[in-house]
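Biologist: I have a new structure open and would like to learn how to read it. Could you walk me through its features one by one?

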Amino acid sequence: CNTSFQVLDNTAYSDVSIGGCAVKTNFIPARYCEPLTWDATTSKVKMPARADWEKLINTYDPTPPNDPGYLVLDCEKLYLTGSTATVANRLAILKQLQQWAQALRPNRVLGWYGLINKENISTDSAGKIAAYNGIAQLMDMHPGYTAYFPTLYMKTNATSPYTGYSFATEL
């Protein structure tokens, strides 16, 4: 496709594209990440076992490990929101998961979906600064092979369906 603008197709299907000029990505939805990163009995985030994380990556990114491409991870329970301590804890987990994923898929551009958006950003300024610094730290881990996939939609109010989109003003 001869265009300077690319659409990354992160539909919820692994190894499939909508076609046209869209660039295929492999996407791991939150519903598969959550059981590994959330302890429902304590309502706290947790670090999964490395073998479980690797199994998840291998299941939803079926292309050969050394091929180039994109891998989008959606782990909503690890969003960078809350106090600076909460952000730091979640960031430590995200960093480890990202290292494990990039060890398995060294030539993929790997990125996190969401992590910060206008709907879930911390309301205290220290937590907000920690969250944006966390995104920068994740981006710096494997330069040229790390991306941030912002949430392109959000609820316009607490009761409506997703009818519009809005970006965090700080981005």
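Modeller: Gladly, and let us begin with residue classes: Ala, Val, Leu, Ile, Met, Phe, Trp, Tyr, Cys and Pro count as nonpolar, Asp, Glu, Lys and Arg as charged, and the others, Gly among them, as polar. With those classes, the lining of the largest cavity divides into seven nonpolar residues, one polar and no charged.

Biologist: Before we go on, what kind of model is this?

Modeller: This is a predicted model, where local features need pLDDT of at least 70 and side-chain atom pairs count only at pLDDT 80 or more, while totals for chains, interfaces and linings use all residues. Residues are numbered from 1 along each chain as its sequence is written, and side-chain values use heavy atoms, with hydrogens and water left out.

Biologist: How should I read pLDDT here?

Modeller: pLDDT is the predictor's confidence in each residue, from 0 to 100. The protein averages 78, and 69% of the residues score at least 70. Over residues 158-171 pLDDT stays under 50, and the model has 28 contacts for them beyond four places in sequence; a contact means heavy atoms within 4.5 Å. Where pLDDT is low, the predicted coordinates should not be read in detail.

Biologist: Back to that cavity, then. What counts as one?

Modeller: On a 1 Å grid over the protein atoms alone, a cavity is a set of points where a 1.4 Å probe fits but cannot get out, and lining residues have an atom within 4 Å of a point. Grid points are joined across faces, edges and corners, and the volume is the space filled by probe spheres set on the points. The search of the whole structure finds one cavity of 30 Å³ or more, and the largest cavity holds about 40 Å³ of space. Its lining consists of Trp 112, Leu 115, Ile 135, Leu 138, Met 139, Thr 146, Ala 147 and Tyr 148. Helix 4 (125-140) and strand 8 (146-149) are the elements that give two or more residues to this lining.

Biologist: How are such elements assigned, and how many helices and strands are there?

Modeller: Helices (H or I, at least four residues) and strands (E, at least two) are DSSP runs, numbered from the N terminus. The protein has four helices and eight strands, in the order β-β-β-α-β-β-α-β-α-β-α-β from the N terminus on. Of the contacts with a separation of 6 or more, 64% are between residues 24 or more positions apart.

Biologist: Which residues of helix 2 are buried?

Modeller: Buried means under 20% relative accessible area, exposed over 50%, and partly exposed in between (1.4 Å probe, protein chains only). By that rule, 39% of the 171 residues in the protein are buried. In helix 2 (residues 50-60), the buried residues are Trp 53, Leu 56 and Ile 57. Seen down the helix axis, these buried residues fall within an arc of 95°, so they line one face of helix 2; the arc is that of the directions from the helix axis to the C-beta atoms. Ala 51 and Lys 55 are exposed on the other side of helix 2. The cover over its buried residues includes strand 3 (26-28), helix 1 (30-37), strand 6 (69-73), helix 3 (84-104) and strand 7 (108-113).

Biologist: What does Leu 56 touch?

Modeller: Leaving out residues up to four places away in sequence, Leu 56 touches Ile 28, Tyr 32, Cys 33 and Leu 36. Leu 56 has a relative accessible area of 8%, so it counts as buried.

Biologist: And where does Ser 43 lie?

Modeller: Ser 43 lies in the loop between strand 4 (38-39) and strand 5 (44-45). Its phi is near 60°, a positive value in a residue other than glycine. Ser 43 is partly exposed because its relative accessibility is 48%.

Terms used
1 Å grid on protein atoms, 1.4 Å probe; cavity = no way out; pocket = protein on both sides within 12 Å on 5 of 7 lines; lining within 4 Å.
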